[in-house]
Amino acid sequence: MPKHTKIAFIGLGVMGFPMAGHLSKAEFSVTVYNRSPAKAELWQQTYRGERQSTPGLAAAGADIVLVCVGNDEDVRSVFYGEEGILAVIQPGTLVIDHTTTSADLARELSQAVAELGGQFLDAPVSGGQAGAVNGQLSIMAGGTESAFAAALPIFGTYGKGWQLLGPAGSGQLCKMVNQLCIAGILQGLSEGLALALASGLDIGTVQKVLAGGAAQSWQLENRALTMARGEYDFGFAIDWMVKDLGYCLDEAGSKGLALPVAAQVQGFYQELQADGQNRCDTSALLSRLVKPSES
């Protein structure tokens, strides 16, 4: 892909800021938009690129438009309206939504972009803020093979792996599976650590032992020690996991499936939200069972 390819990046949160930065460092021509102008100004001071005051102005004339915002409502706000992305899409434009959304919204946007002659991929990511900063994200895509092929040079700047799962919406469905697995693992890890702490076991030693067996997981490797110390002021916010699990439960409900563990863990997270821990890392599930002073 030519380095003069024009890219618009909409949304400069903890994920989008470094992702857009990787594109800039790869010498693509990048224009950014963020709802908070100060964040866009900071990005421009940090990386080489331009910034605009509306999603439409940022996307106008872009070959590829990338979006990474918060939820379905946020995505709609940057796509629709006189100042939205859809108002300026030209035939041949590739639109990639990295936001974790409902599968229904992905299908809706895919159709809307196609009607304007463009291509659309829903491409949620996994790997968290650290993965975005280090260019080590896993990317789950839904869309056509041609759109996916066109996106590969972009994915290569901030991803370590990517896969086309099927038609529009498939990336979001795979991300739901990802979040369901994480929620269950974190609850199990929290209960295991609670027992270990109550029993006086050294958590560092426990982590090393378990890492060599069937209990090994990314969460065990990266979160066990911080959980035991009661450190949760980083990582993937509880607010976002509650949102994501809501999509999972809605999708499962539409298929007649019951997800009892997910429903229970979402309830636990909602308790933590009510307790003011909504911006804490999802590993804060342990705080329901063991207070920091006990660990």
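Which elements make a right-handed β-α-β unit with strand 4? Helix 4 (residues 72-79) and strand 5 do. This is a predicted model, in which local features need pLDDT of at least 70 and side-chain atom pairs count only at pLDDT 80 or more, while totals for chains, interfaces and linings use all residues. Residues are numbered from 1 along each chain as its sequence is written, and side-chain values use heavy atoms, with hydrogens and water left out.

View 1. Helices (H or I, at least four residues) and strands (E, at least two) are DSSP runs, numbered from the N terminus. Strand 4 (residues 64-67) runs parallel to strand 5 and is joined to strand 5 by four bridges; two strands pair if DSSP finds at least two bridges between them. Asp-97 in strand 5 is the bridge partner of Val-67. Strand 5 also pairs in the parallel sense with strand 6 (residues 119-122), over four bridges. From strand 5 the chain passes through helix 5 (residues 103-115) to strand 6 in a right-handed β-α-β crossover. Right-handed means that, with the strands pointing away from the viewer, the path from the first strand over the helix to the second runs clockwise.

**View 2. Side chains of strand 5.** In strand 5 (residues 94-97), Leu-94 and Ile-96 point one way, Val-95 and Asp-97 point the other way, and all are buried. Buried means under 20% relative accessible area, exposed over 50%, and partly exposed in between (1.4 Å probe, protein chains only). Val-95 has Phe-120 of strand 6 as its bridge partner.

**View 3. The buried face of helix 12.** Ala-262, Val-265, Gln-266, Phe-268, Tyr-269 and Leu-272 are buried in helix 12. Seen down the helix axis, these buried residues fall within an arc of 160°, so they line one face; the arc is that of the directions from the axis to the C-beta atoms. The face turned away from the buried side carries the exposed residues Pro-260 and Ala-274. Helix 8 (170-198) and helix 11 (238-254) are included in what covers the buried residues. Just after helix 12, Gly-276 takes a positive phi of about 85°.

**View 4. Cysteines without a disulfide.** The structure holds zero disulfides, a disulfide being a pair of cysteine sulfur atoms within 2.5 Å. For Cys-68, the closest cysteine sulfur is in Cys-174, 17 Å away, which is too far for a bond. Cys-68 is buried, at a relative accessible area of 10%. Cys-280 is buried as well, at 17%.

Key. Contact means heavy atoms within 4.5 Å.
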